[in-house]
Amino acid sequence: PHRVLQWEPVRALCFPGGSDDRGALQAARLINAMRSIEARLRGLEARESIRECVQLYALAGDRKNDSRIMEQLFTADAVYELAGMGHFEGRDAIVAGLAEIAKSAVLWSYHVPAGPLIQLSDTLESAKVFWWVWCPARTRNDDGTSTPCWGAVHYNGEMVEQNGAWKFRRLLLETRLRTPFEGPWTEIEGPFVWPEWALSLRSPK
């Protein structure tokens, strides 16, 4: 006959006949396996949310640093450093600063991210992230004209999980390449079919 064993945190499971010690050992192994699967699943979900954050950042960049997207990607106390170009502290300052850059400095850009590399903490509550971006762009000159250029940058970030979504707490942008050329880019003004549904990916469920 089957016997019902009692233990925490699972109240009751049925095992075939055998000693109590054997049944308890089987139960402990099952619980450990369940905990391992849960932890691995949480890790996969965390990595996917981090990738989503990086991709949404690129989408916002293509849309002239769209504030509606950017404000969803940073913590309230985030710090963002653009090496040699600017430093912003706090989500509001970051969102406003990036919008101003798109308005007055980088007039057009197309982001092609690669990566990211992700290092999750043991507690799955924070992470380090690194990725690359290849970015053709058009930048404003001091005399009001603009210059097409090839650009390449990489990012180092620290991220935390908040309300089920991963966000940037610290972000460092370092430019690796900025090469002007005669051009001009043959920019297509659109209209384009943007994934408007992506703007609500991080809205509270």
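Student: Which residue does Arg51 meet in a salt bridge?

Tutor: In this predicted model, the side chain of Arg51 meets that of Glu48 in a salt bridge, with 3.9 Å from N to O. A salt bridge is counted here when a side-chain nitrogen of Lys or Arg lies within 4 Å of a carboxyl oxygen of Asp or Glu. Arg51 and Glu48 are 3 residues apart in helix 1, so about one helical turn separates them.

Student: How many salt bridges does the rule give?

Tutor: The count comes to 6 salt bridges. One of them joins Asp66 and Arg68, whose closest N and O atoms are 3.4 Å apart. Asp66 counts as buried at 10% relative accessibility, whereas Arg68 is partly exposed at 45%. Another joins Arg169 and Glu158, with the closest N and O atoms 3.9 Å apart. Arg169 lies in strand 10 and Glu158 in strand 9, so this pair ties together parts that are 11 residues apart in sequence. Both partners are partly exposed: Arg169 has a relative accessible area of 33%, and Glu158 one of 31%.

Student: What is the general idea behind a nonpolar core, and which residues have the most contacts inside the largest one?

Tutor: In soluble globular proteins, nonpolar side chains tend to be buried together. The largest nonpolar core here has 36 residues, and those with the most contacts inside it are Tyr57, Leu73, Phe74, Tyr80, Trp131, Tyr155 and Phe168. Several elements supply at least two residues each, including helix 1 (20-62), helix 3 (91-104), strand 3 (74-82) and strand 10 (165-180). Helix 1 gives the largest share, 8 residues.

Student: What is Phe74 in contact with, leaving aside its neighbours within four places in sequence?

Tutor: Phe74 is then in contact with Tyr57, Tyr80, Arg91, Ile94, Lys167, Phe168 and Leu171.

Student: Which residues make the nonpolar surface patch?

Tutor: Tyr110, Val112, Trp134 and Trp150 make a patch of about 390 Å². Tyr110 is found in the loop between strand 5 (106-109) and strand 6, and it counts as partly exposed at 47% relative accessibility.

Student: Is Ser109 buried or exposed?

Tutor: Ser109, which lies in strand 5, is buried, with a relative accessible area of 11%. Beyond its neighbours within four places in sequence, Ser109 is in contact with Gly61, Asp62, Cys135, Pro136 and Ala137.

Student: Where is Glu187, and which side chain does it join in a polar contact?

Tutor: Glu187 is found in the segment after strand 10. A polar contact of 2.7 Å joins its side chain to that of Arg138. Leaving aside neighbours within four places in sequence, Glu187 is in contact with Trp108 and Arg138.

Student: Which peptide bonds are cis, and which residues have a positive phi?

Tutor: Most residues other than glycine have a negative phi, and most peptide bonds are trans. Here a cis peptide bond joins Gly115 and Pro116, with omega about 5°; Pro116 lies in strand 6. The bond from Gly190 to Pro191 is also cis, with omega near 10°, and Pro191 is found in the segment after strand 10. As for phi, Lys64 has a positive value near 60° and sits in the loop between helix 1 and helix 2. Asn163 has a positive phi of about 55°. Asn163 is placed in the loop between strand 9 and strand 10 and is exposed, with a relative accessible area of 84%.

Methods:
Residues are numbered from 1 along each chain as its sequence is written. This is a predicted model: local features need pLDDT of at least 70, side-chain atom pairs count only at pLDDT 80 or more; totals for chains, interfaces and linings use all residues. Side-chain values use heavy atoms; hydrogens and water are left out. A nonpolar core is a set of buried Ala, Val, Leu, Ile, Met, Phe, Trp, Tyr and Cys residues joined through side-chain atoms within 4.5 Å. Buried means under 20% relative accessible area, exposed over 50%, partly exposed in between (1.4 Å probe, protein chains only). Helices (H or I, at least four residues) and strands (E, at least two) are DSSP runs, numbered from the N terminus. Contact means heavy atoms within 4.5 Å. Patches are made of residues with over 30% relative accessible area and no salt bridge: like charges are joined within 9 Å, nonpolar side chains (Val, Leu, Ile, Met, Phe, Trp, Tyr) within 5 Å. Accessible areas come from the Shrake-Rupley method with a 1.4 Å probe; for residues, only the protein chains shown count as cover. A polar contact is a pair of N or O atoms within 3.5 Å; within protein, one must be able to donate a hydrogen and the other to accept it, and residues adjacent in sequence count only if both atoms are side-chain atoms.
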